[in-house]
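Hello,

Here is the structure we talked about. Please open it first, then read my notes below.

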Amino acid sequence: MTSTNGTIFAIKRFALHDGGGIRTTVFFKGCPLSCSWCHNPEGLNPAREVVFIKNNCIGCKRCLDVMKADQIAGFDGHPKFNFTSSVDFTLLIQNCPANAIVKIGEVITSSKLLETIKSDQVFYQEKGGVTFSGGEPLMQVDFLETVLRQCHSEGINTAIETSLYAPLKKIIPILDLLDTIYIDLKLFNSNEHLFHTGAPNETILENIAYILSSPHKDKVIIRTPLIPGITTSGQNIRAIANFIYECYPGVKYELLNYNYLAEAKYENMETDFTLDRSLEPLCESELKKLYETIEQEGIANLIKVH
Ligand code: SF4
């Protein structure tokens, strides 16, 4: 089944880190996981939503003049909105002079999205193209497939960033349409995966095993985000390295060092950031130790970039 409408929350143009060359990155809204370190909390909810960006608010109270009674829960230097209210927030958004009340998420047609992607095509040159990220692009896999088919017929290079937490039968039809597949594998132990991401990992591991034994295996880059104290144990990295090597000895593997840039987003959205704020990226010697662990498991295609 195909779908011509999807919900996205951002399009980043001229991206350099989401695949080869210069890329346009499209962020799909909605994710089935809920990792405490998520960099894009605005992409978790599949629905469009209105959020209050506290740091933008200048306390002018203009919103108080136009809001309905059930849209505000109080004012304490800045408004406390009741976003569960079913009343339309459009008037508030229009009247806020500081962009403090914003809608996140836009319903877009595949042809409109393709138009945007194609408008950047001149910059892609040999290696560049479009990357689908999120959220989790596979949550809207029918829409994704439609857009991928259109990109494919235009000769546009395509990449996906995914956790692969989706039914395999939904993933198989898009594999031919992808040039690069970044798979985020965070934790090998399923109970730990469930605790830290909200879902067990058996489906993810089965899907990885399938793709790494398919003709698409050389398109895959497995990535583990290094979240200190959660994903960084030698035991976890060894188990992941061992598993993916057993699936395909030529597998590419990359560690992504921790960065805490997401904290500000949580604060802006008044969402709890539950990670320890004092966490630091791993130092060179800690990274070196993990690289050695991976190499001991036989992986030669280790990407040491971040
Ligand atoms: S109108 Fe906007 S900037 Fe002014 S108080 Fe309301 S939310 Fe803050």
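Which residues does I222 touch, not counting residues up to four places away in sequence? They are I183, L185, I244, V251, K252 and Y253. Touching here means that the two C-beta atoms, placed from the backbone, lie within 7 Å.

Two notes on the source. This is a predicted model: local features need pLDDT of at least 70, side-chain atom pairs count only at pLDDT 80 or more, and totals for chains, interfaces and linings use all residues. Residues are numbered from 1 along each chain as its sequence is written.

Back to I222. I222 sits in strand β11 (residues 220-225); strands are DSSP runs of E, at least two residues, and helices are runs of H or I, at least four, numbered from the N terminus. I222 counts as buried because 26 other C-beta atoms lie within 10 Å; the cut-off is 20 or more, with C-beta atoms placed from the backbone.

Now helix α5. Just after α5, G155 has a positive phi of about 75 degrees.

Last, the domains. Domain 1 is 5-46 + 106-303, and domain 2 is 49-104; the bounds come from an automatic or database assignment. Their centres, taken over C-alpha atoms, are 33 Å apart.

Best wishes

Methods: A residue is buried if 20 or more other C-beta atoms lie within 10 Å of its own, exposed if 12 or fewer, and partly exposed in between; C-beta atoms are placed from the backbone.
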